[in-house]
Amino acid sequence: MSVKADDMTTQAAGAVSVSERVKGERRLGMWLTAPSFIVMILVTAYPLGYALVLSLYNYRLTDPGGREFVGLDNYAVILRDPLWWNDFVTTLAITVVTVAIELVVGFAFAYVMFRIIRGRGPLRTAILIPYGIVTVVSAFIWRYAFALDSGFVNQWLNLADFNWFGERWSALFVICLSEIWKTTPFISLLLLAGLVQVPSEMLEAAKVDGATAWQRLRRVTLPNMKAAIMVALLFRTLDAWRIFDNPYVMTRGANNTETISFLAYRQNVTLVNLGMGSAVSVLLFLTVVAIAWVFVKGFKTDLSQVRGDS
Amino acid sequence: MRTSRWWTVAGVAIVLYSVFPLLWMLSLSLKPPSEIVSGTPRFLPAAWTFDNFTEVFSQSLFTRALINSIGIALIATLVAVVVAMFAAYAIARLDFRGKRLLLSLALAIAMFPQAALVGPLFNMWRGLGIYDTWLGLIIPYLTFALPLSIWTMSAFFRQIPWEMEQAAQVDGATAWQAFRKVIVPLAAPGVFTTAILTFFFCWNDFLFAISLTSTDAARTVPAALAFFQGASQFESPVPYIMAASVVVTIPVVLLVLAFQRRIVAGLTSGAVKG
């Protein structure tokens, strides 16, 4: 809240001092936020522009002399390559599966956290632990659980020699499992924030009117949580779309489990094929923009809620 | 009420969900490497040993990575918290053009695909000479930690009753005394929580760590773990990696145990207080 109350009293002193104060506040505001602006823009906008330029060239770092302008050829090559579309499908599958499951399970967790009376502290602590664990560590834990040499899963499920990481969909299953385990707690906290803000009088009124628990959930709770659900959905979808750590550690992208982020990494860093890699980077950026745009338009929830100024 | 017990049972199930993989990690870290390749894997170790932990600390690979992780995360957190503090104060207390823009920018950064930056940053950092250095990692960490830091801190700052500063001055305190004795204690929890969340973020990063480093000069723990081959050619790296993982997880667990209320409040922007 800005100290505008004083403006009324100073108005008597003359219009000049009012605008001076307002101007001073504005200037201070800009100075205080300038470092944040600069850091955020410099490290994202500039490199992105750089990538855009690089993507118009055929440029491998290992052959600097062979750098030549090819226009949009890189993009044509990528969009015609089945590898790109394979990775696209993999990323899409991971995103849809993990987000869907996490929303449901996350809501269940949120509800338990909401209703529990005894053990509230330990429960919240336990919920935060997966959030704090390093993703790479989580990936190793799940990988070793399902691995043939070190894992107990095959034994417990009586699966003998089944190699989980030898095939696409079983490997993706384990990747999704690790991802879900780690990020569901975060989602449940976001949903809990929405849950505690549902007005209890409305729930009481519904109860008095004879609504069942299920009806109360569907008709009162969920609609009042729309903003929180949208925030959770938006961030989780984008996080899942950008997944990198789990596929890298578990399969290094083998057996068709490569994701788009992984492709960008492989082209740019491993193969130092900077021209093509930059094109992949730009395409990745565009897909993220597309998803964000779909969300904002599709859900029509006030953006200021998502941005955090309310 | 009998129904309250069901919720506690559900709570126990959730606790098991969270803790079960950690138990697995602990179990693997206590197994000797020979047990991994023995062909009959079990959940619990057949023979306990702390050798993996002594091995982890005797090798410079991990200790060097640990130093890198701690140093980089601490510095990045410190700078991020200070920068975010200025911005959060402005957002919570002042009215100025660009407030909406800043918050939209923070949102855009939070949604940004980091993998799209590894190519250009790789090239740029090499040109600037900061490839494979602490600074080379601190800069992107700072950038991507700012949105969460700004949101968390401005949410905390919005709840501070700033009028108390003026009230203290009416009671005879100087401006500096009012700030130090009234505002600072009220703002400290928010700053502290933001620091914890930012630290977690930097501690956890993997993509930049493997893209912008190549030697143990700046390689952090997640990257070192992913590249580790094994104590020797013939030994399974599994227990070693899990022992290192346990070491890296302990500070996280301790932080969460000690500051659960604050962290939850921070992540829910103050909606859930404790």
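Is Phe107(A) buried or exposed, and what is its relative accessibility? Let's find out in a few close-up views.

**View 1. Phe107(A) and Tyr111(A) form a stacked pair.** This is a predicted model, where local features need pLDDT of at least 70, side-chain atom pairs count only at pLDDT 80 or more, and totals for chains, interfaces and linings use all residues. Residues are numbered from 1 along each chain as its sequence is written, chains are lettered from A and ligands numbered from 1 in the order in which they are written, and side-chain values use heavy atoms, leaving out hydrogens and water. The structure holds 41 aromatic pairs over all chains. In this one, the ring centres of Phe107(A) and Tyr111(A) are 6.3 Å apart and the planes meet at 20 degrees, so the pair is stacked (rings of Phe, Tyr and Trp, its six-membered ring, pair if their centres lie within 6.5 Å; planes under 30 degrees apart are stacked, over 60 edge-to-face, the rest tilted). Phe107(A) is buried, at 15% relative accessibility, while Tyr111(A) is partly exposed at 27% (buried is under 20% relative accessible area, exposed over 50%, partly exposed in between, with a 1.4 Å probe and protein chains only).

**View 2. Phe157(B) and Trp162(B) meet edge-to-face.** Their ring centres are 6.2 Å apart and their planes stand at 85 degrees. Phe157(B) is buried at 3% relative accessibility, and Trp162(B) is buried too, at 8%.

**View 3. Ring pairs build a cluster in chain A.** Its members are Trp142(A), Phe146(A), Phe162(A), Trp164(A), Phe173(A) and Trp181(A).
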